[in-house]
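Here's a quick look at ring contacts, written for someone who likes geometry with the cut-offs spelled out. Have the viewer open as you read.

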Amino acid sequence: MSFMKHIALAGVLISLATAGSVHRRAAIDGCLANFSVPVDTKGSSTWNADIKPFNPRLTYTPVAVAVPTTIAQIQAAVNCGRLSGVKVTAKSGGHSYASFGLGGEDGHLMIELDRMFNVTVNSTTNIAIVQPGARLGHVTNQLYSQGGRAISAGTCPGVGVSGHSLHGGYGMSSHKYGLATDWIVGMTVVLANGTIVHTSATEKPDLFWALRGAGSNFGIVAQYEFNTFAAPSQVTYFNMNFRWNTTTAPGNLAALENYTKTFMPADLTMRAFVSSGSSYFEGMFFGNATGLRAALQPLQDKTGLVLASTTTTTFLNAFSHYANAATDPTTPYSFQQTFYSKSLMLKGLNGTAAKNFVNYWYNVGPTNRRGWWFQLDLHGGAFSGVTNGDHSLSSYAHRDKLYLIQFYDQVYSGSYPSDGYPFLDNFVSNTTASLAASDWGMYINYADNRLSQTAAQNAYYGSSLPRLQKLKYAYDSGLTYTNPQGILPVA
């Protein structure tokens, strides 16, 4: 930055620091303009598109929207917001269930990153340089086209790489290759004080640890370096329908738990999907159908599950199979669903907890006429890449959990009903009623906006929270980067 720019910045920051709330928006707008940071004009079509939430149940209005295309512009935007006392929020894909990309409340300076979506693979090192506004579908397609590479990540193509990977990032390769966050080897970060740093396992390792699991609390990652693996030459995706009931389900869940803990091979990633109209297992196996059948046999022997279909294909085709929208989105992106969601991370689902879960599923579930469902991912186990990931390099707190359950309750038109929330609230509370606090948690990528800040911190970050709170104090004691469920600093 030139000397004259420094002088101009000092003057603008004095203006911001002394501005009242009425003039603060104008001061921030002036600062962004002074440093040539692209912005959305309030009320314009781009403004309306950028603040459009994935979940219309949670709509918020920022004080300004910066739309950077360079790291320097991200830095300038942070500097314009931080001394004004305005919270700064980065939005990558905008897919947050709680609209945290908009701040989770009104009045943030939103930094819209989705114009920065380039993905470049170094053919010698196989390290991918990924810009922070890339979406998972674009990342997957670009990695595959540049030498047949891949990372472990989710299959919803419109999800932003930043929110996904900074808070874990589970997907259809995770049982073998762990979480998306496990593949991050370096990051360029704009800190709350406006400085730009690089972090890795050997550079600012505390920051690296915090970002890989709780990243949105500690900075705006302006560039990622991902290690990659060679995408398998063939994968097999599959489906197994099942019809359980309150009598058979507890025993089948016990068999599933034993299989997941002790038999399920790394090459198999699998989940159960249950809605008001169907129930089935689905997943992806790194290999052919013969190998898949051998991998599933111990579970089938105990539960009577029967394969309904198998398809052996390429890695990219399997990704497309599980995508729920266009498979290579960049910007603009306008997909929306109106819903309420919760999650559970569980060490197991047996005994009283399993009976409570099953009773609610079969006895209360049918009374809900909305589009509800749950998805139970077989997250852990002896051969899981998540379980066996390096705990010392990531603040992701749930590597000891066997299951990841997402609960979803959707309306297809109109607003979500005010009396709808108890359905999922009670599903979760009934399941956890008999469990010790250490036996369960929640996953921030399926954020529940109705949790208090204290409850959210403990559920999302578990045993990592005390260290994260101290690092929050070190890197952002002024809460420049925060939301209603953000980590609070502790000296």
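## Charges over rings

Arg 467 lies over the face of Trp 209, with 3.8 Å to the ring centre. To count as sitting over a ring, NZ of Lys or CZ of Arg has to be within 6 Å of the ring centre and within 35 degrees of the ring normal. Lys 176 does this too: its charged end is over the ring of Tyr 177, 5.6 Å from the centre.

## What the numbers rest on

This is a predicted model, where local features need pLDDT of at least 70 and side-chain atom pairs count only at pLDDT 80 or more, while totals for chains, interfaces and linings use all residues. Residues are numbered from 1 along each chain as its sequence is written, and side-chain values use heavy atoms, with hydrogens and water left out.

## Ring pairs

There are 39 aromatic pairs here (rings of Phe, Tyr and Trp, the last by its six-membered ring, with centres within 6.5 Å; planes under 30 degrees apart are stacked, over 60 edge-to-face, the rest tilted). Take Phe 374 and Phe 427: they're edge-to-face, 6.0 Å centre to centre with 90° between the planes. That pair links distant parts of the chain, since Phe 374 is in strand S16 (residues 371-378) and Phe 427 in helix H13 (residues 421-432), 53 residues apart. Helices (H or I, at least four residues) and strands (E, at least two) are DSSP runs numbered from the N terminus.

Phe 427 counts as buried because its relative accessibility is 0% (buried is under 20% relative accessible area, exposed over 50%, partly exposed in between; 1.4 Å probe, protein chains only). Phe 374 is buried as well, at 2%.
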